[in-house]
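Here is a walk through one protein model, taken a step at a time. Keep the structure open beside you and look up each residue as it comes along.

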Amino acid sequence: MPQDSEHEQKEVHLGDSGGRFHSYLHGGTSSLLSTMPTLIVFPIYKTVFRQQIHNSQVLVAVRQLYKEGPVKLYRGVVPPLLMRTLNGTLLFGVQDTFLHRLSRLSQGLLPSSMLPALAGLGAGVVEAMVFTPFERVQNVLQNGQNDRHLPSLKSVLVKLRSQSLSSGFYRAMLPITARNALGSSLYFGLKGPMCGFVAGQGFSPVLSSFLSGTMISMVVSLTLYPLSVLVSNMQAQVDGEVKGVTACWRMLWTSRQCSIALLYRGGSLVILRSCITWGITTAIYDRQEKKG
């Protein structure tokens, strides 16, 4: 009997490991399949970035990109493509792993409805630690002011490598961690209830997942957009004095004339981009989870 019990425990453990692996696999696959929309909406992302950096209107940003030409339009697209695929693998897989651990450790001490959000919080912290260098490189490449002295991806990597981690690859680590942790917590905390609500309206499972993904991404993007603007402004420059988060926020708020409307300039395009990418990612992931 003890041997049978031990054998059953091993089978359960292997089953759990297999379940965790599928979460990583499905997360990576769904994100990989959404790279095509990422390519399509990248010009939108770059337009938003220019608005965040230069506080310009959308038409001014579009004219700048048009003047620079199609080659420079996609300058900086490689990091987000890599991030998109790896991000889904890490985010969904780590969240599922944390959720499994929390379910065992809490033993009813915490409401089960809180666990996905808490697991998402932890996954967001891990995500920030892994992908901050990617975002740093992307923002440096997208800043047109860096084109002359940093003309290629290799030159950017060499430049950042010569700096300390806090001012180089991990510049703006704190606001990125706050943004990713809160964003992931909101996403996974709202995902189940939102999908259930939408499905209750008579929509198909795939459409319910897509609509819930778009609505959640809208909430997350609007709530955390100021942090994204702060990160873009902190990471776009590679030279000059390195200021802290508080000093950078004050400079940003002053440059936006202490106006929330100006701070949210470009926010509508962020909603569009997030709705497309996260709606598709959520639909594909949920579909694979049900099949798997």
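Phe197 is exposed, with a relative accessible area of 53%. Here, buried means under 20% relative accessible area, exposed means over 50%, and partly exposed is in between, with a 1.4 Å probe and only the protein chains counted. You'll find Phe197 in helix H8. Phe197 and Ser212 are 15 residues apart in sequence, and their C-alpha atoms are 8.7 Å apart in space.

A word on what you're looking at: this is a predicted model, in which local features need pLDDT of at least 70 and side-chain atom pairs count only at pLDDT 80 or more, while totals for chains, interfaces and linings use all residues. Residues are numbered from 1 along each chain as its sequence is written, and side-chain values use heavy atoms, leaving out hydrogens and water.

Now zoom out. The chain has 12 helices and 0 strands; both are DSSP runs numbered from the N terminus, with helices (H or I) needing at least four residues and strands (E) at least two. Of its 292 residues, 47% count as buried. Take the contacts (heavy atoms within 4.5 Å) between residues at least 6 apart in sequence: 80% of them join residues at least 24 apart.

Next, the rings. How many aromatic pairs does a search of the whole structure find? The search finds 9. Rings of Phe, Tyr and Trp (its six-membered ring) pair if their centres lie within 6.5 Å; planes under 30 degrees apart count as stacked, over 60 as edge-to-face, and the rest as tilted. Phe92 lies in helix H5 (residues 78–106) and Tyr187 in helix H8 (residues 173–199), so the pair ties together parts that are 95 residues apart in sequence. Phe92 is buried, at a relative accessible area of 1%, and Tyr187 is buried too, at 6%. Ring pairs also link Phe92 and Tyr187 into a cluster with Phe188, Trp278 and Tyr285.

On to charges. Side chains of opposite charge can pair when their charged atoms come close. The structure holds 5 salt bridges, each a side-chain nitrogen of Lys or Arg within 4 Å of a carboxyl oxygen of Asp or Glu. One of them joins Arg50 to Glu68, with the closest N and O atoms 3.0 Å apart. That pair links distant parts of the chain, Arg50 being in helix H2 (residues 35–54) and Glu68 in helix H3 (residues 58–68), 18 residues apart. Is Arg50 buried or exposed? At 3% relative accessibility, Arg50 counts as buried, whereas Glu68, at 28%, counts as partly exposed.

Arg179 and Glu135 also meet in a salt bridge, at 2.8 Å from N to O. Arg179 lies in helix H8 and Glu135 in helix H6, so the pair ties together parts that are 44 residues apart in sequence. Both Arg179 and Glu135 are buried. Then there's Lys243 with Glu241, at 3.4 Å from N to O: Lys243 counts as partly exposed at 27% relative accessibility, and Glu241 is exposed at 65%.

Last stop, the cysteines. The count comes to 0 disulfides, a disulfide being a pair of cysteine sulfur atoms within 2.5 Å. Cys195 counts as buried at 15% relative accessibility, while Cys258, at 49%, counts as partly exposed.
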